Amino acid sequence: MRIRLEGNRAELTLGMIHLRQIFTVTAMSQAFPDRARPRNYRLYVTITPRKGR
C-alpha cells in the first residue's frame, strides 16, 4: 500500500515512528515542500503488513 503523509518535519518523523511500529516500510520518498503551506512537507511511503499480525 502506498500512502502520503503531510505535515511539518516533526509530524512526519512522528508519523514514520508510528508506521514502523505496525507496518514494514518498504520504500520512502524524500520530503517534498508543500506548495500551498510553506512550512509543511509531503512524504510518500510504501508499506506492507508485518507477518504474524
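## Briefing on a predicted β-α-β-β-β chain

Among contacts in the chain (heavy atoms within 4.5 Å) between residues at least 6 apart in sequence, 49% join residues that are at least 24 apart. This is a predicted model, in which local features need pLDDT of at least 70, side-chain atom pairs count only at pLDDT 80 or more, and totals for chains, interfaces and linings use all residues. Residues are numbered from 1 along each chain as its sequence is written, and side-chain values use heavy atoms, with hydrogens and water left out.

**Overall layout**

- The C-alpha trace of the chain spans about 40 × 15 × 15 Å along its principal axes.
- The chain has 53 residues, of which 23% count as buried; buried means under 20% relative accessible area, exposed over 50%, and partly exposed in between, with a 1.4 Å probe and protein chains only.
- About 4,100 Å² of the chain is accessible surface, and 55% of that area belongs to carbon and sulfur atoms; such areas come from the Shrake-Rupley method with a 1.4 Å probe, and for residues only the protein chains shown count as cover.

**The nonpolar core**

- In soluble globular proteins, nonpolar side chains tend to be buried together.
- The largest nonpolar core has eight residues, namely Leu5, Leu12, Met16, Leu19, Tyr41, Leu43, Val45 and Ile47; a nonpolar core is a set of buried Ala, Val, Leu, Ile, Met, Phe, Trp, Tyr and Cys residues joined through side-chain atoms within 4.5 Å.
- Two or more residues of this core come from each of α1 (9-22) and β4 (41-49), and β4 gives the most, with four residues.

**Helix α1**

- With its 14 residues, α1 reaches 21 Å from its first C-alpha to its last, close to the 20 Å expected at 1.5 Å a residue, where the expected span is 1.5 Å times one less than the number of residues.
- Leu12, Met16 and Leu19 are the buried residues of α1.
- Seen down the axis of α1, these buried residues fall within an arc of 65°, so they line one face of the helix; the arc is that of the directions from the helix axis to the C-beta atoms.
- The cover over the buried residues of α1 includes β1 (2-7), β2 (23-28) and β4.
- At the start of α1, a side-chain oxygen of Asn8 comes to within 3.1 Å of the backbone nitrogen of Ala10.

- Leu12, which lies in helix α1, is buried with a relative accessible area of 6%.
- Not counting residues up to four places away in sequence, Leu12 touches Leu5, Glu6, Gly7, Ala31, Tyr41 and Leu43.
- Although Leu12 and Ala31 are 19 residues apart along the chain, their C-alpha atoms are separated by 8.8 Å.
- Arg9 is also found in helix α1, and, with residues up to four places away in sequence not counted, Arg9 touches Ala31 and Tyr41.
- Arg9 and Leu19 are ten residues apart in sequence, and from C-alpha to C-alpha they are 15 Å apart in space.
- Asn40 lies in the loop between β3 (32-33) and β4, and at 18% relative accessibility Asn40 counts as buried.
- Beyond residues up to four places away in sequence, Asn40 touches Gly7, Asn8, Phe32, Pro33 and Asp34.

Conventions:
Polar contact = N/O pair within 3.5 Å; in protein donor to acceptor, adjacent residues only side chain to side chain.
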